[in-house]
Number of protein chains: 4
Amino acid sequence: MLLPSLRKQVLDANLELVRQGLVVHTFGNASGIAREQGLVVIKPSGVRYDEMKPEDLVISDLQGKTVEGKLRPSSDLPTHIVLYQAFPRIGGVAHTHSEYATAWAQARRCLPCLGTTHADYFHGAVPVTEALNSEDIASRYYEENTGHCIVRAFKEVDYEAIPAVLVASHGPFTWGRDAASAAHNAVMLEAVARMAYFTVSINHAAEPIGRDLHDKHYLRKHGTKAYYGQSKNCT
Amino acid sequence: MLLPSLRKQVLDANLELVRQGLVVHTFGNASGIAREQGLVVIKPSGVRYDEMKPEDLVISDLQGKTVEGKLRPSSDLPTHIVLYQAFPRIGGVAHTHSEYATAWAQARRCLPCLGTTHADYFHGAVPVTEALNSEDIASRYYEENTGHCIVRAFKEVDYEAIPAVLVASHGPFTWGRDAASAAHNAVMLEAVARMAYFTVSINHAAEPIGRDLHDKHYLRKHGTKAYYGQSKNCT
Amino acid sequence: MLLPSLRKQVLDANLELVRQGLVVHTFGNASGIAREQGLVVIKPSGVRYDEMKPEDLVISDLQGKTVEGKLRPSSDLPTHIVLYQAFPRIGGVAHTHSEYATAWAQARRCLPCLGTTHADYFHGAVPVTEALNSEDIASRYYEENTGHCIVRAFKEVDYEAIPAVLVASHGPFTWGRDAASAAHNAVMLEAVARMAYFTVSINHAAEPIGRDLHDKHYLRKHGTKAYYGQSKNCT
Amino acid sequence: MLLPSLRKQVLDANLELVRQGLVVHTFGNASGIAREQGLVVIKPSGVRYDEMKPEDLVISDLQGKTVEGKLRPSSDLPTHIVLYQAFPRIGGVAHTHSEYATAWAQARRCLPCLGTTHADYFHGAVPVTEALNSEDIASRYYEENTGHCIVRAFKEVDYEAIPAVLVASHGPFTWGRDAASAAHNAVMLEAVARMAYFTVSINHAAEPIGRDLHDKHYLRKHGTKAYYGQSKNCT
């Protein structure tokens, strides 16, 4: 069996999404990449979480071809692959329909940085993508196109400083140095999405925190970053 | 004992509604139909869920006459029967007062399709019924009239593509190919009602997703549908 | 030991409030009355719920004098007594700071009847009291005055048809034929307060349900009522 | 090992924050002070709650120098120390990112006293601090500056009558006669923040309760207070 240790890590990340209450029904998946071999390990389709074993995970190459595994991979695999190719320093990707992050995605609003909890994890507003056009939706490459749409939202945003995105009308994707980190970012994204929701309900005119406080908290935690990006959509 | 296997399925569906937190106090019931025999199996009134056994369920014919069972059937039985008669390809019906779906019903608003989670299950906005008129309410056929009112809301809507309705000022009914599917649709309806609530709180002007994205997700999951319906009430 | 069976009932009602999540910290109490003896059994102050035993409950006469019990009674006892005196057909009273009912009380808004869940339990809007005046607040009879304030809100409302009230800026009181029924009404009040909150968030202009539907549901459940009351404050 | 009993108390207070659901990820810490020795016991950084033992806690002097302990203290230690120095009659401090209190802090709104639950614990609105200026944020004394910013918010407010603050764009700090009391105030602050959130959602114009009712409830519980303070920011 290929990549036994990565299989275990990816399984743990998938189970963490469930434990943290981020998975509505079965909407959720996490993957990890072995960069040297160019292989991605991802959750299979249609297996119950409580019965999922490392050997049920699917190993795919970067063309989306299954290299090992009897089950079909998660239908979002092509989106994961596009992210691995565009973001060379990530090792894991997670996707959920967690309620509050999804609500911001459905509202087609960036998630503004309204406090230090957000700033500790995401160095700026979490961008929302543009909507896909009809052609990209109708295409058999819809899932890949979703990936490209995410990448476009990070044209001027540092994907390491803001390891999360809201896909318009769909839900969040997060990433990190490995699958565990991607899952943890999904957990924290939901937490800050939830608090941001309460905040704007209390004060519709709540202002994002200043860059000085934002930098302080983010850099206190993540060390010096050469680049600070902010999506044009998110003022 | 008639229909032992259907009894078990219907019991499981009723318990699933409870497990998923959809049942406020005892407001909730699921049923299943044996089309060939023309018999409906439904939850009895006044039995605690944790003590309910398959033999406690009530079997009724399509005139609402008990064929087997010592207990009274759920008072909503006549509504279930109308749905079985009007919607020939369904095998199960569920009714709950789940909080968010009920809130949309009480607000007398259709549940708009604001994201792909909704689109994966319901191929369009979930309609809200008209209010019953005073005569229909006062009638001894109130529960039957509720069923007819639901059916009217589906005059131009495909009941298979949108297997759910919000009864104005009351709460949701869902259906499916069997009782388990009806219960699962009740779970997903509550999940999307909850996320839609958060979405419109963030952005009062949140737009339903475009038909292309809606079709993509629904058809990706449910195969080609010849008919796409949208209630006139739900723009 | 006096009234052993009533003690047990009242203890059960107090524990039910906790089990149902209605008790914030220790804010909550339920009582029952033995009409013939003119004795009230109520929760003591300062005993942990998980250690409370029937013999810890306090028995008081209708002047508020302890007849049996080593512990101090709940400080809200005088409010309970006023209700027992003004509402001769009730056998139990419950008071909580349950979150949603308290929010309506703090908002100083009647809880409108927005759906059939409400109508099944409360035959009209649940009234909110007037604020107490400064004198009544400063008085050593503050808790009694709270009771009188509740009674004034029911001058033209049938306390049996609407067995609940929102004390302005404070929280809910409910009652019923016995302590269990009072506690159950507290549970249902919180459930409908929660759904009403969601409803008005979705649609600020949500309309109370019509009297015909209201009557249908209430009377379906509670039998013919000669009197239907609506507080002037609650349109 | 120094201060074994205080170590245990502080550990218990930290665990209480977790049990009560106030800790988002690991954001949360409680401390206690031994006034005579001038020593503070605080949660260490980077130890899992379920494995934390009394000996893992860190003991620091009032200059922030570790006196006993192998682990690094919580990074918020300097804020705690400033509070102990400015508020001579407190014995414990707690800090969380509990969701509703944090939302009010992020909204940069004082938490108004909207009901008696609040009045029972906090004798007036809970102040929100001013934002720190850029210099104070950039400084290596950021955490200390946060403490000074809190102290400024209590210039005309009695820290014993209102044992809580909302640090703008950050989250709540609470305090009390010991660590357990500080943690309990954190629990009650979250409860009243949550109910206040619901209240203003129902009625945007909800009014703080009058001073007479406020005094009645607070003084009923806490005895005569010579001083009643209200922040100028909180009308």
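1. Just after helix α1(C), C:Gly21 has a positive phi of about 75°. This is a predicted model, and the points below should be read with that in mind.

2. Helix α1 of chain C covers residues 4-19. It has 16 residues and reaches 22 Å from its first C-alpha to its last, close to the 22 Å expected at 1.5 Å a residue.

3. Which residues of α1(C) are buried? They are C:Leu6, C:Arg7, C:Val10, C:Leu11, C:Ala13, C:Asn14 and C:Leu17. Viewed down the axis of α1(C), the buried residues fall within an arc of 155°, so they line one face of the helix. In general, an α-helix has 3.6 residues a turn, so residues three or four places apart point the same way.

4. What do those buried residues pack against? The partners are β1, β2, β3, β4, β5 and α7 (179-202) of chain C. The helix itself lies across the five strands β1, β2 (39-42), β3 (58-61), β4 and β5 of chain C, and runs at about 155° to β1(C).

5. The sheet in chain C is open and has seven strands, in the order β4-β3-β2-β1-β5-β7-β6, with antiparallel pairing. At its edges are β4 (66-68) and β6 (164-167) of chain C, each of which pairs on one side only. From one strand to the next the twist averages 25°.

6. Within this sheet, β1 (residues 28-34) and β5 (residues 92-96) of chain C pair in the antiparallel sense over five bridges. One position in the pairing can be named: C:Gly28 of chain C stands opposite C:Thr96 in β5(C).

7. The copies use different surfaces: 4% of the contact residues of chain D recur in chain C.

8. Two pairs of chains make no contact. Chain A and chain C do not touch, and their nearest C-alpha atoms are 10 Å apart. Chain B and chain D are likewise not joined by any contact, with their closest C-alpha atoms 10 Å apart.

Methods. Residues are numbered from 1 along each chain as its sequence is written. Chains are lettered from A and ligands numbered from 1 in the order in which they are written. This is a predicted model: local features need pLDDT of at least 70, side-chain atom pairs count only at pLDDT 80 or more; totals for chains, interfaces and linings use all residues. Side-chain values use heavy atoms; hydrogens and water are left out. Two strands pair if DSSP finds at least two bridges between them. Helices (H or I, at least four residues) and strands (E, at least two) are DSSP runs, numbered from the N terminus. Axes are lines fitted to C-alpha atoms, for helices over the stretch in contact, and angles run from 0 to 180 degrees between N-to-C directions. Contact means heavy atoms within 4.5 Å. The expected span of a helix is 1.5 Å times one less than its number of residues. Buried means under 20% relative accessible area, exposed over 50%, partly exposed in between (1.4 Å probe, protein chains only). The arc is that of the directions from the helix axis to the C-beta atoms.
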